[in-house]
Each structure stands twice: as C-alpha cells, then as structure tokens.
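Work through the following exercises with the model open. Try each task before reading its solution.

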Amino acid sequence: MGYVIEPKAVSSVAVNGSNDRFPVRRIFCVGRNYAAHAREMGHDPDRELPFYFTKPADAVVDNGVDVPYPPMTENLHFEAELVVAIGKTAIDVSEENALDHVYGYAVGNDLTRRDLQSQSKTKGRPWDTGKAFDDSAPCAEIHLADQVSDIENARIWLTVNGETKQDSNTNKLIWSVSEVIANLSGLFTLQPGDLIYTGTPEGVGPVVKGDVIKVGVDGLTELETKIV
Ligand code: MN
C-alpha cells in the first residue's frame, strides 16, 4: 500500500547529547499555570481548574532557527515554558507514578497571537488561531529526565534582546509536572512523542521583527529564537 500524496516527514525535536531526534506526536499546552500570570491576564487562579489547548506537531521549531512574524496579528507574544516530553504511554496514571512516563525536559516558547486569542476569549470561540499557528512552538534540546535534577524547583526566565521580561521558578507552577501528567492522562491517552508545554509565568509581552528571544530553565539548554 502506498499513499495518494507524499506523507509529511515526522516532526521532531533534538535530544541533548545525541544525533537521534525525539519524534513529536501531539503538543499539549497548559493554560494559566502560574498564579501571577493568571492574574496579569485578568483571572483568579484560586478559582480555576487546569485547562488545556493543543498545537499541531509540526509547529515545533528547533533551537536557533528563525521564526517568521506570523500573519494576521499585530501582537505576537512570547511565553517561556518548561516542556515535558512523554516517553511511555500514560493512561489515567497517579501523581506518584506520573514521572515514570517522562522521557525528558526541554525549554520551550509558546508563541501566541495575543490579539486573536483575546478575540476568541471574548466571543467564546476556540483558541486555535491565537495559539496553533505555524512555527508557534520553538523547543530546545530535550534533556533525559535522569540527567536533570530538581526540575520542579528551577529558575525559568526569558529575555528579549538581552532585557529580562520573565523571571520566575517552576516551583510556582499551580499544577506541578506530576499533577499535569496525572490529570491530562485521564483526559487523553498520553503516548511516546507527546510534548506538554506546562504554562508560562508572569511578564508576557510582545515582540517585533528583528527581536531575539532567549528562554532558559536551570539545568536545560537555553532556547534562542529570532523573529524575522
Ligand atoms: Mn502558554
């Protein structure tokens, strides 16, 4: 059997210390997972359960690769995020066992057309146009989980042209990595190749063509993206 059109190559992310790559199946993203960011977006974090949106697998962009300023927006925002790469199938797993399903961790940037996302919120429509556009998910090299220590107590920061815009710690996640995996695995069968963008801290803001965005999480490779 063949295909009636040529299938697209599998999307993938680099793996630290390896020439082999991590194939991406789905990209899940957690909304408003840091209290200070929820507040800056006009919400009360104490009254909300976690929620999720997704991006297509081919939205990933390698470290150091330029991202074209996307169409139909005048307010492209950066969002520094810790990314979890799933390595084993997870179906309704407990918080205690959740981390057994993690392949590794990486630094990501959940690029957002904030104006389109805001319109969607106002009209009660899906977020896809604001979140799931082409090249909207830059992701640096994945570090194997057993080579990363204290990922739930790690500084997370972001600079634009060298100026600090976001500076927080993953210990401020409302829903921890274990809790996100446990909750998400009750909604979806998590499979090897899935990425989870775990949410962004406060300080999100716009970028323009020519800006260089750097995102860091302690212990992981820094992610650099130029908007062109
Ligand atoms: Mn986000």
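The exercises below use a predicted model.

**Exercise 1. Cavities**

Task: State how many cavities reach 30 Å³ or more, and describe their linings.

Solution: 
- Step 1. Count. There are 2 cavities of 30 Å³ or more.
- Step 2. Take the largest. Its space is about 100 Å³. Of its 18 lining residues, Gly 31, Arg 32, His 37, Glu 79 and Lys 131 are closest to the centre.
- Step 3. Assign elements. Strand S3 (27-31), strand S4 (51-55) and helix H3 (114-123) supply at least two lining residues each. H3 gives the largest share, 3 residues.
- Step 4. Classify the lining. It holds 5 nonpolar, 6 polar and 7 charged residues.
- Step 5. Turn to the second largest cavity, with about 70 Å³ of space. Among the residues lining it are Val 30, Gly 31, Arg 32, Phe 51 and Trp 175. Here the classes are 7 nonpolar, 2 polar and 2 charged.

**Exercise 2. The nonpolar cores**

Task: Find which residues have the most contacts inside the largest nonpolar core, then trace one of them.

Solution: 
- Step 1. Nonpolar side chains tend to be buried together in soluble globular proteins.
- Step 2. The largest core has 41 residues, and Tyr 105, Ile 181 and Ile 196 have the most contacts inside it.
- Step 3. List contributors. Elements giving two or more residues to this core include S3, strand S6 (76-78), strand S8 (102-109) and helix H5 (177-187).
- Step 4. Trace Ile 196. Beyond its neighbours within four places in sequence, its contacts include Phe 28, Val 30, Leu 82, Val 180, Ile 181 and Leu 190.
- Step 5. Look at H5. Its buried residues include Val 177, Val 180, Ile 181 and Leu 184. The cover over the buried residues of H5 includes S3, S4, S7, S8 and strand S14 (195-197).
- Step 6. Note the second core. This separate set of 19 residues includes Ala 59, Val 60, Trp 127 and Tyr 197.

**Exercise 3. Val 160**

Task: Decide whether Val 160 is buried or exposed, and find its partners.

Solution: 
- Step 1. Apply the cut-off. The relative accessible area of Val 160 is 6%, so this residue is buried.
- Step 2. List the contacts. Outside four places in sequence, Val 160 touches Phe 78, Lys 165, Val 207, Asp 211 and Val 212.
- Step 3. Val 160 and Val 207 are 47 residues apart along the chain, with C-alpha atoms separated by 7.8 Å.

**Exercise 4. Positive phi**

Task: Say where Asp 92 and Asp 150 lie.

Solution: 
- Step 1. Recall the rule. Most residues other than glycine have a negative phi.
- Step 2. Take Asp 92. Its phi is positive, about 50 degrees. Asp 92 is in the loop between S7 and H2, and is exposed at 58% relative accessible area.
- Step 3. Take Asp 150. Its phi is positive, about 60 degrees. Asp 150 is in the loop between strand S11 (143-144) and S12, and is exposed at 54%.

Note on methods:
Residues numbered from 1 in each chain as written. Predicted model: local features only at pLDDT ≥ 70, side-chain atom pairs only at ≥ 80, totals over all residues. Heavy atoms only, no water. 1 Å grid on protein atoms, 1.4 Å probe; cavity = no way out; pocket = protein on both sides within 12 Å on 5 of 7 lines; lining within 4 Å. Points joined across faces, edges and corners; volume = space filled by probe spheres on them. Helix = DSSP H or I, 4+ residues; strand = E, 2+ residues; numbered from the N terminus. Nonpolar A, V, L, I, M, F, W, Y, C, P; charged D, E, K, R; others polar. Core = buried A, V, L, I, M, F, W, Y, C linked by side-chain atoms within 4.5 Å. Buried < 20%, exposed > 50% of the residue type's maximum accessible area, 1.4 Å probe, protein only. Contact = heavy atoms within 4.5 Å.
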